[in-house]
Amino acid sequence: MSMETAAWQSLYTTMHAEQDQRPFSRTALRRIAGFARPHGRRILVFVVISVLIAIVTVSTPLLAGRVVDAIVGGQAPRIVIILAAAIGVLALVEAGLGLAQRWFSAHIGEGLILDLRTAVYDHVQRMPIAFFGRTRTGALVSRLNNDVIGAQRAFSETLSGVVSNVVTLALAAIAMVALSWQVTLATLVLLPLFVLPARRLGARLARLQREAANHNSTMSTQMTERFSAPGATLIKLFGRPDHESAEFATRAGRVRDIGVRSAMLQEVFFIALTLVSALALAVVYGAGGYLALTGGLEAGAVVSLALLLTRLYAPLTALANSRVEVMSAMVSFQRVFEVLDLEPLIQERAGARALPPGPASIEFDEVTFAYPSPEQVSLASLEEVATLDTAGGEDVLHEVSFRAEPGQTVALVGSSGAGKSTIASLIPRLFDADTGAVRIGGSDVRDLTASSLRETVGMVTQDGHLFHDSVRQNLLLARPEAGDEEVWEALDRARLGQFVRDLPDGLDTVVGERGHRLSGGERQRMTIARVLLARPQVVILDEATAHLDSTSEAAVQAALTEALAGRTAVVIAHRLPTIRAADRILVVESGRVVEAGTHRELLDSGGRYTELHDTQFAPAA
């Protein structure tokens with residue numbers, strides 16, 4: 001490695017390293033060791049190879065000096081050929097060791113990335129819904145990408161760099177001192193001129209890079225929001241395209257200016273370091289040549305010293321920045337551990353049992369619930385705020401009690417924000433009750449296995465969310481083993497079969513991000529078909545018909561009546577006609593069940609349900 005290359009790498013490291021200088025902790029180191037342990041043998045071989053490469057790196061200049069001495073001394077050609085052959089063999093050995101080092105580096109690094117990403121991904125999947133409601137998706141994805149990659153560099157790059165550089169530096173220094181301590185001392189005088197520019201200029205470039213990264217992040221957020229189908233529609237309807245364009249151009253222009261300044265600073269740095277490199281070599285040739293001519297040094301030693309100079313300066317420069325590299329990797333590890341340290345609020349208990357198959361009842365027994373506080377479910381860094389807010393912690397449900405017998409339909413009605421969806425979310429255990437119990441089939445949901453709860457409870461939410469995938473894959477999410485015949489049956493029962501058959505690619509038609517290629521009613525019927533395919537014993541419909549026109553609503557209601565026969569159902573609706581046939585209607589206000597009965601009983605009582613009914617069906621003035 002040349003001195004210029006080493007310095008350039010040093011500059012790059014300083015530019016891109018995190019400036020967070022949090023100290024090492026034994027706990028963090030133990031956790032890192034835990035992730036490294038499965039790769040222990042490969043790491044050991046990797047370190048040994050790095051040491052061997054360092055030895056070969058220092059040996060080559062010494063042999064080159066011997067060649068020069070053999071030529072100047074008029075030795076037999078056989079000696080020169082042998083030495084040249086030895087240099088060639090060392091080159092082949094170094095190439096082979098380099099490939100082996102890269103192979104182990106790749107396997108260790110990529111293996112560590114796999115382990116970290118899998119650990120974070122699995123952990124995030126266990127987090128409560130409140131976590132996803134607060135976290136910025138981009139910040140979370142960054143932990144899985146940038147921080148995980150930054151952490152693996154500690155093993156694939158920093159570890160080998162420190163080991164090989166220490167060995168190379170030690171061997172090169174010993175060899176140079178053995179050849180000529182005077183020349184070695186003279187070359188070290190220039191060392192500050194070699195190391196300091198990288199650190200000073202690197203700090204300036206780092207500030208520019210951070211500013212550019214901030215602008216790029218803002219532009220990325222703007223593009224992500226504006227380039228989605230809903231965002232683009234909103235801009236066209238209410239936005240100011242000229243203002244949007246000007247704002248984007250301003251930030252892009254600033255990034256351009258930073259790019260020009262960075263390029264010039266980097267070029268100045270490179271030219272300066274090239275000059276320092278030339279001066280260092282001049283010192284070696286000048287001082288070494290003088291000693292060679294006065295009989296104090298062999299000519300070959302001068303050549304060896306010149307070649308060894310790069311083996312001395314390059315490791316010194318790299319090691320001068322090794323702490324920055326290590327701290328940068330540590331910060332990445334700590335940012336990953338931050339996510340892993342968030343305790344999932346919903347966990348399967350030891351000894352959890354499966355819910356037996358067959359019809360199941362639903363029971364709420366004096367349930368009180370408050371949404372978790374931000375400290376329980378989120379991180380300020382994932383929300384990209386300085387400090388978390390103080391929302392949460394206040395009860396939103398108060399001693400809610402009701403029971404739905406197997407096969408019964410219970411409807412929840414009330415004002416927006418009354419707590420209807422919150423009640424529904426406790427049944428599939430998206431949250432846990434603070435006091436009281438939610439039971440399915442007589443068993444507390446907290447005592448059931450997650451898999452049996454998923455098989456028993458199916459839910460259609462308000463937004464009718466679909467993935468950017470085919471119709472088939474969106475439906476098979478509910479039951480992956482289902483065949484096409486079952487998929488078509490579910491679509492037909494959701495009154496969507498003919499629509500899908502008419503699509504160009506049928507079941508293989510991609511529905512777009514969030515299903516945006518479909519209408520609101522089609523998306524909702526797709527999610528209903530997904531639940532029908534799952535065939536759960538308990539079905540929750542949270543405003544499932546909110547986006548349907550009257551014709552589609554009637555068709556889907558007929559399909560749901562057929563599909564829900566013999567199953568327990570909880571239906572949430574603002575439009576009262578959709579819940580008239582319910583076996584029991586609960587009126588929820590301010591987190592409490594204030595009325596309960598059939599449609600006719602509640603109308604006859606003249607209470608809150610009557611007010612809701614009269615408001616919806618009041619004759620037009």
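What follows is a walk through a predicted model, from its annotated spans to its charged and aromatic contacts. Because the model is predicted, local features need pLDDT of at least 70 and side-chain atom pairs count only at pLDDT 80 or more, while totals for chains, interfaces and linings use all residues. Residues are numbered from 1 along each chain as its sequence is written, and side-chain values use heavy atoms, with hydrogens and water left out.

Let's start with the record. The UniProt annotation "transmembrane region", from an unreviewed entry, covers residues 43-64, 76-100, 159-179, 185-202 and 268-293. UniProt positions are given in the numbering used here, feature names are shortened, and annotations may be inferred rather than shown by experiment. What does the model show for residues 43-64? That span is 100% helix and 0% strand, with its end C-alpha atoms 32 Å apart. Residues 76-100 come out as 96% helix and 0% strand, with 37 Å between the end C-alpha atoms. Helices (H or I, at least four residues) and strands (E, at least two) are DSSP runs, numbered from the N terminus.

On to charges. Side chains of opposite charge can pair when their charged atoms come close. The whole structure holds 19 salt bridges, each defined as a side-chain nitrogen of Lys or Arg within 4 Å of a carboxyl oxygen of Asp or Glu. Take D341 and R31, whose closest N and O atoms are 2.8 Å apart. This one links distant parts of the chain: D341 is in the loop between α12 (322-340) and β1, R31 is in helix α2 (residues 26-36), and they are 310 residues apart. D341 is partly exposed, at 47% relative accessible area, and R31 is partly exposed too, at 28%. R31 has another contact: it lies over the face of F337, at 4.2 Å from the ring centre. For a charge to count as sitting over a ring, NZ of Lys or CZ of Arg must be within 6 Å of the ring centre and within 35 degrees of the ring normal.

Further along, R472 and D484 meet in a salt bridge at 3.1 Å, N to O. Here R472 belongs to helix α17 (residues 471-476) and D484 to helix α18 (residues 484-493), 12 residues apart. R472 has a relative accessibility of 18%, so it counts as buried, whereas D484, at 38%, counts as partly exposed. How many residues separate E611 and R608 in helix α23? They are 3 residues apart, about one turn of the helix (residues 608-617), and their salt bridge is 3.0 Å from N to O. There is also a network of salt bridges that links E363, D365, R403, E405 and R439.

Finally, the rings. A pair of aromatic rings is described by the distance of the centres and the angle of the planes. Rings of Phe, Tyr and Trp (its six-membered ring) pair if their centres lie within 6.5 Å; planes under 30 degrees apart count as stacked, over 60 as edge-to-face and the rest as tilted. The structure holds 7 aromatic pairs. F131 and F132 form an edge-to-face one, 5.1 Å centre to centre with 85° between the planes. F131 is buried, at 0% relative accessible area, while F132 is partly exposed, at 39%. F369 and F431 make a tilted pair, at 5.5 Å and 55°. F369 lies in strand β1 (residues 362-370) and F431 in the loop between α15 (420-426) and β4 (435-440), 62 residues apart.

How values were computed. Buried means under 20% relative accessible area, exposed over 50%, partly exposed in between (1.4 Å probe, protein chains only).
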